[in-house]
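Let's walk through this one together, one question at a time. Keep the view open while you read.

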Amino acid sequence: MLQMAEKLLVGGRWIDGGPPLEVRNKYTRDVFATLPTARPEDVDAAIAAATDAAPVMAAMPAHRRSEILARTAALLAEYRDDVARTIAAEAGKALKWARLETDRAVATFTCAAEEAKRIHGETVPLDAVPSGEGFFGFYIRRPVGVVAAISPFNFPLNLVAHKVAPAIAAGNSIVLKPASTTPLTAVALCRFLTEAGLPPGGINLVVGPGSTVGDQLVADPRVAKITFTGSPDVGRQIMTRAGIKKVTLELGNTSPVVIAPDADLDLVAKRCAFGAFYYSGQVCISVQRIFTDRKVHEPFTERFVAATQNLVVGDPLDERTDVGPMIDIREAERIEGWVDEARQGGAQVLIGGQRNGPVYLPTVLTRVRPEMKVVAQEAFAPVASVMEYDDFEEALRAADATEYGLQAAVFTRDIGRVFQAIRRLNFGGVIINEIPTFRVDHMPYGGNRQSGVGREGVRYAIEEMTNIQMVVIRT
Ligand code: NAP
């Protein structure tokens with residue numbers, strides 16, 4: 001059984017910090033753990049410890065960094081069930097998906113262990129211009145120093161892994177601030193990293209409100225790089241508070257799915273029921289806006305509603321559960337309000353549309369209008385809207401008519417339509433014949449427009465967590 005020191009980690013020591021933070025089971029609402037929050041002096045000490053550890057991390061040979069990451073992956077795999085149960089309890093994520101998240105984090109760390117060994121630069125032909133004659137040039141990638149990692153509640157392990165693992169692979173030190181609703185999995189991960197041999201100060205953990213603890217990290221000049229995943233509003237604040245630092249922002253989306261008349265409707269319906277409702281739609285690439293060709297609208301909607309009906313809603317710690325609660329009652333009430341507003345505006349609820357405490361039932365809407373909140377804003381809830389179209393090009397335009405640009409999906413067997421979609425869609429990822437919720441952890445992943453800045457996916461995060469150093473030698 002996983003034994004955890006439920007404390008803050010600063011300079012290799014587990015410390016007590018300030019006022020307690022209660023962590024609740026998101027389904028029963030019971031408090032099942034308490035953690036101290038970081039006071040300003042604790043955050044300061046964490047940044048100081050990371051600053052001291054930065055040269056140690058930078059000097060560590062690649063094979064050693066790789067070994068630490070591989071050992072961490074092994075510990076995550078060894079404690080898979082305990083870690084998944086912690087995620088299920090603190091995040092309200094169905095156990096089967098919490099296990100999947102743990103497996104993905106093992107893959108993320110394993111991939112980082114491999115990438116740590118192949119961070120390299122290249123030679124630059126300086127003599128391509130006359131003034132470069134007689135010089136030899138190459139560049140190398142050097143760690144940036146202290147990385148501040150600020151993570152959201154919805155993937156309390158794997159989105160932390162996407163920040164911490166590449167930062168270590170690149171030879172940086174880290175100060176991690178997890179979401180206040182889901183800090184326990186991060187505590188476990190820090191324990192594994194320490195046990196795996198990461199030196200003191202290599203990773204530091206501070207817990208507490210984003211508006212104070214997070215803001216202090218963002219504004220501190222000793223931090224060289226901020227890697228943030230969360231809401232667009234907080235992303236905007238970070239951008240204005242950061243000053244001159246490297247910043248990666250992974251923000252929201254209103255993920256579209258365009259279904260052409262030639263699509264395999266059984267497959268689309270099954271995949272959309274997963275992609276819209278898994279973890280109660282609280283996934284940045286959750287299926288939200290579905291565009292169906294008028295000719296297949298009815299058969300698709302019937303199949304989609306039937307697949308939704310099959311989902312088991314309930315306690316995330318029950319093995320059979322597909323869909324658990326939302327992160328808190330306020331979020332469930334918010335989406336209840338959005339759906340009621342849409343209903344009053346003429347939308348039709350085909351299934352769901354009901355709240356039971358923090359649980360909002362998987363909901364399918366039709367007859368929505370583009371300006372309704374359920375369509376125009378990030379729902380981040382188990383609600384998907386199906387809209388009809390007459391012309392494929394018009395559907396692509398509607399899918400693209402959003403301020404976001406993370407991932408979009410198209411289902412078609414027509415290669416012409418595939419390239420039309422690739423050209424039209426201004427998204428960080430275009431997924432063909434699979435939902436926009438698709439992600440494997442080594443692919444470049446991130447958004448255009450208001451969905452963010454930069455890319456994650458281990459190798460791409462390493463690029464963002466290193467500086468290019470150019471070397472010029474007179475020969
Ligand atoms: P959030 O409210 O923005 O919080 C994210 C993190 O930022 C938390 O640790 C939070 O701390 C912290 N924070 C809050 N205010 C801050 C401030 N002023 N300065 C610094 N840090 C601050 O987001 P969330 O509700 O946890 O997550 C949902 C959002 O994340 C959605 O919009 C979703 O689309 C997005 N998301 C994006 C991706 C992606 O890869 N693009 C992946 C997952 C989620 P507290 O917890 O203490 O408030």
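Q: How far apart do the C-alpha centres of domain 1 and domain 2 lie?
A: This is a predicted model, where local features need pLDDT of at least 70 and side-chain atom pairs count only at pLDDT 80 or more, while totals for chains, interfaces and linings use all residues. Residues are numbered from 1 along each chain as its sequence is written, and side-chain values use heavy atoms, with hydrogens and water left out. Domain 1 covers 8-251 + 450-474 and domain 2 covers 256-440 (bounds from an automatic or database domain assignment). Their C-alpha centres are separated by 31 Å.

Q: What area do domain 1 and domain 2 bury between them?
A: Buried area is the accessible area (Shrake-Rupley method, 1.4 Å probe) that two parts lose on being put together, summed over both. Of the area here, 59% is on carbon and sulfur atoms. Tyr 27, Trp 97 and Phe 153 supply 22% of domain 1's share, more than any other three residues. The total for the two domains is about 2,600 Å².

Q: How many salt bridges are counted between domain 1 and domain 2?
A: A salt bridge needs a side-chain nitrogen of Lys or Arg within 4 Å of a carboxyl oxygen of Asp or Glu. Between these domains the count is three.

Q: Is Ile 415 buried or exposed?
A: Buried means under 20% relative accessible area, exposed over 50%, and partly exposed in between (1.4 Å probe, protein chains only). Ile 415 has 60%, so this residue counts as exposed.
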